[in-house]
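Hello,

Here is the structure you asked about. Please open it and keep it beside this email while you read.

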Amino acid sequence: MNGKDIKGAADILYKILNEGAYTHIALQKEPSKTVHLLVYGTMEKYFLLEYIVGQLCEKIKNNLKPMLLVSCYAVLFTDTPFPVVSDSVKEALSLAGKSAVNGFFAAVLARTDRTEYVLPAYGKKGYDEITYNMPSWLIGMYKKDFPDTYREIIAHSEGHFTHVCLGNAEEILAADSHAERTSTGFFVKNNATFGQLFREGKLTYMSYGSTLICEELGDVTGKKILDCCAAPGGKSVYLAKKGAVVTSCDIHKHRVLLIESYAKRMGVTLETSIQDATVFRKERENAFDMVLCDAPCSGFGVIDKKRDIIFNRKYEDILSLAALQKEILQNVSSYVKKGGYLLYSTCTVFRKENEEVVEDFLQKNPSFERVREQRYLPDGKGMEGFFVCLMKRN
Amino acid sequence: MAIREIFQEGEECLSKRCREVTVFDEKLSKLIDDLFDTLHKADGAGLAAPQIGVVRRVAVVDVDGVTMELVNPQIIKAEGEQIGEEGCLSVDFSKNCRVLRPQTVTVRAYDRTGKLFERTVSDLPARCVCHELDHLEGILFFTRKYQGK
């Protein structure tokens, strides 16, 4: 570990915390393993480190916080000896042109090393945040929706499983003999062979949950389907592979390009367009057998893959997302033919974005009726948290 | 039957957040047996998997007539307070100190066969359960040192 590593990790953490960067993208071009370790480690212990730092110093400027948290992490959780960490931090500060705060950092780190902080006892302020490494409003959301089981749900949200589908069973079993069959594909241990098959378009990585959402539509052969929030295109391609005629839209141009390259790789044809799902298009009215509305959501059913959402999302975001979901659902529902189906899905577990959105929609639109509604919770065995509701237009 | 080495403070496995157990197999059963053997040999009250270098959410408790094996444990209810001296097989005894813990806790966990159970314990066993659960989060007891008189 040297000064560059600490500075590199602090810069990336700053981007994640203050500019809403995605961790895996921010780290993409970073060659140093140590930086990866420091960034992921600091995020895994973020609320613990924040508590410690908050106790050891009165106020910390926003631009120094990432550096201090990374340094504290290095002191407490890496096997690098304290003097080495201490020197590296000094170097990092001079690289960042912040040598003026050398003394302050040295003092805080020395006190951290001597365990001059006290962590909260069970049930006291801060205990839950540290245990679950989540902000208290988020723990509150889980507690409200799942008073009895929220601990398990949070714990299970962390498991990581690789699920592949649309592949040839023999090829998959040849690449990983322990692959575990699911109703739509296989849970596998990822390896280079899968990467190769993926590039050749012979299979694709798609979470088990996403495939189950598509399966809700039943037999789609020859059906005209609109996927109105489609990027990166997994569900569209899945449905097209099952024989549907799919139109995929997304609001952003670069995301539509993602859909196109996904379809090209998998060798299917989709009609794609850049389209804001809240804006009405006359020519699409009553034009589709099925509309899949996989709405933008807070994503709290799949935390493991996107840990940054814990830091970047706020309670207000959930409220504004719910409003957006209602707006999208209302708009795209008019594209469904009489007797056709509307499928609403999210990858979150909160009632505000799921049941409440559907309830609101059905109340305002008596021509739609609920056929099936299912909420899946993370079970630690590969199932992720998501919600799906199939509605029929009469 | 195997006695395993107990890792000491400073080892990385003791500061890691442990992963959930997803497979209940022979290996898990062996791990739990080893934990009990190591615990009895060291004459301790409880032992968590990270203390023997396994970063999984498994712990055992054997104190005051309470014997439990805990897989993926969660505290679902806690009541009261107790302040008492605490130590740890992974930490030098010079760091022993008083820690504030709940008087009674209800723990929900799986056993080695994957069966879910709940159990309520008080006094020392309650303290022990909290202490072992801290290990699974990578937290050592002295960081929760009680500051009052």
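Is C228(A) buried or exposed? C228(A) is buried, because its relative accessibility is 4%, and the cut-off for buried is under 20%. Keep in mind that this is a predicted model.

Next, the cysteines. The count of disulfides over all chains is zero. C228(A) takes part in none. Its nearest cysteine sulfur belongs to C229(A), 3.8 Å away.

For C88(B), the closest cysteine sulfur is in C128(B). The gap is 9.8 Å, so it is too far for a bond. C88(B) also counts as buried, because its relative accessibility is 12%.

Now the interface. Chain A puts 27 residues into the contact, and chain B puts in 23 residues. Together the two chains bury about 2300 Å². Carbon and sulfur atoms account for 49% of that area.

What holds charged partners across the interface? The rule finds three salt bridges between chain A and chain B. One of them pairs D148(A) with R108(B). Their closest N and O atoms are 3.4 Å apart.

On the side of chain A that touches chain B, two elements give two or more residues: α8 (127-132) and α10 (150-156). The residues of that side split into twelve nonpolar, six polar and nine charged.

Best wishes

Notes:
Residues are numbered from 1 along each chain as its sequence is written. Chains are lettered from A and ligands numbered from 1 in the order in which they are written. This is a predicted model: local features need pLDDT of at least 70, side-chain atom pairs count only at pLDDT 80 or more; totals for chains, interfaces and linings use all residues. Side-chain values use heavy atoms; hydrogens and water are left out. Contact means heavy atoms within 4.5 Å. Buried area is the accessible area (1.4 Å probe) that two parts lose on being put together, summed over both. A salt bridge is a side-chain nitrogen of Lys or Arg within 4 Å of a carboxyl oxygen of Asp or Glu. Helices (H or I, at least four residues) and strands (E, at least two) are DSSP runs, numbered from the N terminus. Ala, Val, Leu, Ile, Met, Phe, Trp, Tyr, Cys and Pro count as nonpolar, Asp, Glu, Lys and Arg as charged, and the others, Gly among them, as polar. A disulfide is a pair of cysteine sulfur atoms within 2.5 Å. Buried means under 20% relative accessible area, exposed over 50%, partly exposed in between (1.4 Å probe, protein chains only).
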